[in-house]
Amino acid sequence: MSPRAAMAAAAVAMALAVGPATAQRPPPEPEPLPVGLSSRQVAVTSDYRGEQITVFGVNPPANRGGDIVIVMRGPDRPVTLMRKRRVLGLWVNGDPVSFSAAPSFFAVYSTRPLNEIIDPAEIWRHRLNATALPILDGSTPADANPGDYRRALVALRTESGLYRVNPRGVTLDDDLLFQAHFAIPATAPIGVYQSQVLVFRNGVLISRKDDEVLVDRSGLERRIYEFATQSSFFYGVVSVLLALGAGLVAALVFRRR
């Protein structure tokens with residue numbers, strides 16, 4: 001065997017011998033967290049004025065020294081924004097831009113500001129920035145920046161209490177017990193809300209836990225809603241009959257007077 005062939009054979013043998021042992025392994029999966037919710041189902045009734053959901057849990061010893069970020073996200077809904085323009089001295093709505101999906105509710109609470117926990121790229125990757133969540137359905141006007149519409153949507157929903165960021169919203173006692181209180185306003189829509197607990201240390205995600213909260217109609221409101229959606233024709237007939245009945249009763253009352 002020539003020296004060149006011998007060297008090639010030795011290289012192949014070495015690769016076979018040490019290749020599997022030295023191959024780069026994927027990073028370990030984040031450890032699960034023991035997390036609980038104060039309520040997993042919220043009943044929307046006639047006197048519903050919102051609900052407070054508490055997310056609590058225990059930070060395992062392996063996660064000590066880390067920062068905790070808790071996210072509460074409502075179901076995605078389509079939304080359309082319009083930019084006001086001045087026409088003949090009047091302000092009118094124009095240039096509509098549609099988003100095929102945007103969180104109806106979005107809150108991020110943490111033990112300290114996010115930019116002190118992870119870098120901006122990680123904030124974007126873990127979808128912790130509200131402006132990264134709306135999905136555009138089409139294009140924006142030629143003279144407009146898509147980011148302006150995203151920021152406008154976030155500003156409007158922040159003003160209405162549907163989007164929130166609290167850099168001190170998670171309390172961590174003795175680096176062991178943690179909790180955060182999320183106020184779901186009455187204006188937030190029904191649906192499945194996603195709860196996510198993330199633990200970061202040195203800018204790296206080391207543990208996470210996902211959960212769900214169901215916000216749904218209950219009692220008479222649920223029965224009326226099901227009747228209206230499942231039997232829309234009969235619901236319309238009943239509504240008309242009720243309106244006619246109310247009109248007849250009012251006419252009789254005022255006639256007697």
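User: How much of the protein chain counts as buried?
Analyst: Of its 257 residues, 33% count as buried. Buried means under 20% relative accessible area, exposed means over 50%, and partly exposed is in between, with a 1.4 Å probe and protein chains only. This is a predicted model: local features need pLDDT of at least 70, side-chain atom pairs count only at pLDDT 80 or more, and totals for chains, interfaces and linings use all residues. Residues are numbered from 1 along each chain as its sequence is written, and side-chain values use heavy atoms, with hydrogens and water left out.

User: What about contacts across the sequence?
Analyst: Take the contacts between residues at least 6 apart in sequence. Of these, 69% join residues at least 24 apart. A contact means heavy atoms within 4.5 Å.

User: New topic. How many salt bridges are there?
Analyst: The count comes to 7. The rule asks for a side-chain nitrogen of Lys or Arg within 4 Å of a carboxyl oxygen of Asp or Glu.

User: Give me some examples.
Analyst: R73 and D76 form one, with the closest N and O atoms 3.2 Å apart. Another joins R208 and D210, at 3.1 Å from N to O. R112 and E116 also pair up, at 3.7 Å.

User: Is R73 buried or exposed?
Analyst: R73 counts as buried, at 17% relative accessibility.

User: What about R208 and D210?
Analyst: R208 is partly exposed, with a relative accessible area of 32%. D210 is partly exposed too, at 42%.

User: And the R112 pair?
Analyst: R112 has a relative accessible area of 28%, so it is partly exposed. E116 is partly exposed as well, at 45%.

User: Which residues are linked with R112 in a network?
Analyst: D67 and E116. Salt bridges link the three residues.

User: Where does R157 lie, and what does it touch?
Analyst: R157 lies in helix α4, residues 146-159. Leaving out residues up to four places away in sequence, R157 touches V79, A102, P103, S104, L162 and Y163.

User: Switching to rings. How many aromatic pairs are there?
Analyst: There are 3. Rings of Phe, Tyr and Trp (its six-membered ring) pair if their centres lie within 6.5 Å; planes under 30 degrees apart count as stacked, over 60 as edge-to-face, and the rest as tilted. One is F106 with Y163, an edge-to-face pair with centres 6.1 Å apart and 70 degrees between the planes.

User: Where do those two sit?
Analyst: F106 is in strand β8 (residues 106-110) and Y163 in strand β10 (residues 163-166). They are 57 residues apart, so the pair links distant parts of the chain. Both F106 and Y163 are buried.

User: Last one. What about backbone angles?
Analyst: Most residues other than glycine have a negative phi. D174 has a positive phi, near 55 degrees. N202 also has a positive phi, of about 55 degrees, and is not a glycine.

User: Where are D174 and N202?
Analyst: D174 is in the loop between β11 (171-173) and β12 (177-184). N202 lies in the loop between β13 (191-201) and β14 (204-217). D174 counts as exposed at 75% relative accessibility, and N202 counts as exposed at 78%.

Definitions and conventions
Helices (H or I, at least four residues) and strands (E, at least two) are DSSP runs, numbered from the N terminus.
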